[in-house]
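These notes are meant for a colleague who is opening this entry for the opening time and would like a guided reading. Please keep the sequence and the 3D view at hand while going through the numbered points.

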Amino acid sequence: MDRPNKSIQCSVEQCAHHCSDCDYCSLDTVKIGTHECDPSVEQCTDCLSFDAKY
Ligand code: SF4
């Protein structure tokens, strides 16, 4: 059973680290990055700890 980390809210249900019964990540830490050279809005950022569930 995944243990929710209440410090990391996340709604990405397709990620293997997502707690399926609540919107939290189960990892102790996550790494955030960007795919842009000059990020300006939230959509420019990514969770680099994402692992596809399937
Ligand atoms: S690793 Fe990232 S995308 Fe996956 S559940 Fe945790 S915060 Fe969400």
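**Notes on the model**

1. Leaving aside its neighbours within four places in sequence, His 17 is in contact (heavy atoms within 4.5 Å) with Tyr 24, Cys 25, Ser 26, Leu 27, Ser 49 and Asp 51. His 17 is found in the loop between β1 and β2, the latter covering 24-25, where strands (E, at least two residues) are DSSP runs numbered from the N terminus. Because its relative accessibility is 19%, His 17 counts as buried; the cut-offs are under 20% relative accessible area for buried, over 50% for exposed and in between for partly exposed, with a 1.4 Å probe and protein chains only.

2. Before going further, please note that this is a predicted model, in which local features need pLDDT of at least 70 and side-chain atom pairs count only at pLDDT 80 or more, whereas totals for chains, interfaces and linings use all residues. Residues are numbered from 1 along each chain as its sequence is written, and side-chain values use heavy atoms, with hydrogens and water left out.

3. As for the chain as a whole, it has 0 helices and 4 strands, and from the N terminus on its elements run β-β-β-β. The C-alpha trace spans about 40 × 25 × 15 Å along its principal axes. Of the 54 residues, 20% count as buried, and among the contacts with a separation of 6 or more, 20% come from residues 24 or more positions apart.

4. Which residues are around the ligand? They are Cys 10, Cys 15, His 17, His 18, Cys 25, Leu 27, Val 30, Cys 47, Ser 49 and Phe 50, a residue being counted if one of its heavy atoms lies within 4 Å of the molecule. By class, this shell has 7 nonpolar, 3 polar and no charged residues; here Ala, Val, Leu, Ile, Met, Phe, Trp, Tyr, Cys and Pro count as nonpolar, Asp, Glu, Lys and Arg as charged, and the others, Gly among them, as polar.

5. The ligand sits in the largest pocket, in the sense that more than half of its atoms lie within 2 Å of the grid points of the pocket. A pocket is an open set of points on a 1 Å grid over the protein atoms alone, where a 1.4 Å probe fits, with protein on both sides within 12 Å along at least five of seven lines, and its lining residues have an atom within 4 Å of a point. About 240 Å³ of space lies in the largest pocket, and of the 15 residues that line it, the closest to its centre are Cys 10, Val 12, Val 30, Ile 32 and Cys 47. The volume is the space filled by probe spheres set on the points, which are joined across faces, edges and corners.

6. The lining of the largest pocket has 10 nonpolar, 4 polar and 1 charged residues by class. At least two residues of this lining are supplied by each of β1 (5-9) and β4 (45-47).

7. Two further residues of the loop between β1 and β2 deserve a look. Ala 16 is placed in that loop and is partly exposed, because its relative accessible area is 37%. Not counting residues up to four places away in sequence, Ala 16 touches Asp 2, Asp 51, Ala 52 and Lys 53, and its C-alpha atom is separated by 7.5 Å from that of Phe 50, 34 residues apart along the chain. Asp 21 also has its place in the loop between β1 and β2, but it is exposed, with a relative accessible area of 56%.

8. In the loop between β3 (32-34) and β4 lies Pro 39, which counts as partly exposed because its relative accessibility is 42%. Apart from neighbours within four places in sequence, Pro 39 is in contact with Thr 34 and Cys 44. The C-alpha atoms of Pro 39 and Asp 2, 37 residues apart along the chain, are separated by 32 Å.
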